[in-house]
Amino acid sequence: MTSRVTLISPATTHSLRRARFDDGDSIEESAAARAGSAAGSLPAAGRVLASPSVRCRQTAVALGLDASVEPELSGLDVGRWRGRTLDEVGAAEPEMVARWLADPGFAPHGGESVRELCARVALWLDTSGRADVRTIAVVEPEVVRAVVVHALGAPEAAFWRLDVPPLMATEVTGRSGRWNVRLGHGLARPGD
């Protein structure tokens with residue numbers, strides 16, 4: 001029994017361009033158009049999911065997907081840092097940011113640690129791996145990172161070493177306990 005999970009990172013937002021921790025803003029009009037041009041290029045899926053964020057739900061709609069919101073695929077909860085840029089937080093709390101980036105178990109913002117996110121996403125992936133069905137999920141970049149870390153059995157410290165550009169698809173195939181990763185590929189427009 002093989003499970004296929006295609007993770008699609010959300011389209012660009014103003015916050016994403018400014019390296020601002022998600023503050024619930026909408027995807028940019030040009031990004032919605034780019035996603036719309038790729039609608040129809042995705043394979044049929046037995047399950048279509050989205051992270052609860054505005055940008056993931058809007059990206060799913062722009063891609064022509066009728067996605068169910070999956071709370072287990074929420075992005076990293078950055079607590080009181082939400083809505084602030086990494087530069088702002090780094091200037092105000094440089095030691096806390098440095099430790100947060102170096103220690104996967106540390107959550108100085110009062111939210112969720114990278115370790116907690118990775119554990120939550122790993123549980124979701126391994127549970128999904130018990131189904132012989134294709135899943136498409138529009139998820140936050142940090143969810144893609146957590147999936148790849150888990151699928152490869154990489155240390156949590158590798159989390160910050162993975163770049164996930166907007167509107168990229170990353171696929172994992174296999175089943176609980178053994179996953180293969182097809183790293184990010186752009187969404188093809190019909191006819192490409």
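Ala-19 is partly exposed, with a relative accessible area of 47%, where buried means under 20% relative accessible area, exposed means over 50%, and partly exposed lies in between (1.4 Å probe, protein chains only). Ala-19 lies in the loop between α1 and α2 (29–38), and has a positive phi of about 55° although it is not a glycine. Helices (H or I, at least four residues) and strands (E, at least two) are DSSP runs, numbered from the N terminus.

This is a predicted model, in which local features need pLDDT of at least 70 and side-chain atom pairs count only at pLDDT 80 or more, while totals for chains, interfaces and linings use all residues. Residues are numbered from 1 along each chain as its sequence is written, and side-chain values use heavy atoms, with hydrogens and water left out.

## The sheet

Six strands form an open sheet of mixed pairing, in the order β3-β2-β4-β1-β5-β6, and two strands are taken to pair if DSSP finds at least two bridges between them. The edge strands, each of which pairs on one side only, are β3 (68–69) and β6 (178–186).

Strand β1 (residues 3–8) runs parallel to strand β4 (residues 134–138), and five bridges join them; Thr-6 stands opposite Ile-136 in β4.

## Helix α7

Helix α7 (residues 141–152) packs on the sheet, touching β1, β5 (168–175) and β6, and its direction makes about 140° with that of β6. For such angles, axes are lines fitted to C-alpha atoms, for helices over the stretch in contact, and angles run from 0 to 180 degrees between N-to-C directions.

Because 10 of its 12 residues are buried, α7 is largely enclosed by the rest of the structure. Among the buried residues are Pro-141, Glu-142, Arg-145 and Ala-151, and the cover over the buried residues of α7 includes β1, α3 (54–62), α6 (114–128), β5 and β6. Just after α7, Gly-153 takes a positive phi of about 65°.

Thr-12 lies in the loop between β1 and α1 (14–17), and counts as buried because its relative accessibility is 14%. Leaving aside neighbours within four places in sequence, Thr-12 is in contact with Arg-17, Ile-27, Glu-28, Ala-31 and Pro-166, contact meaning heavy atoms within 4.5 Å.

Leu-167 lies in the loop between α7 and β5 and is buried, with a relative accessible area of 3%. Phi of Leu-167 is near 55°, a positive value in a residue other than glycine. Although Thr-12 and Leu-167 are 155 residues apart along the chain, their C-alpha atoms are separated by 8.0 Å.
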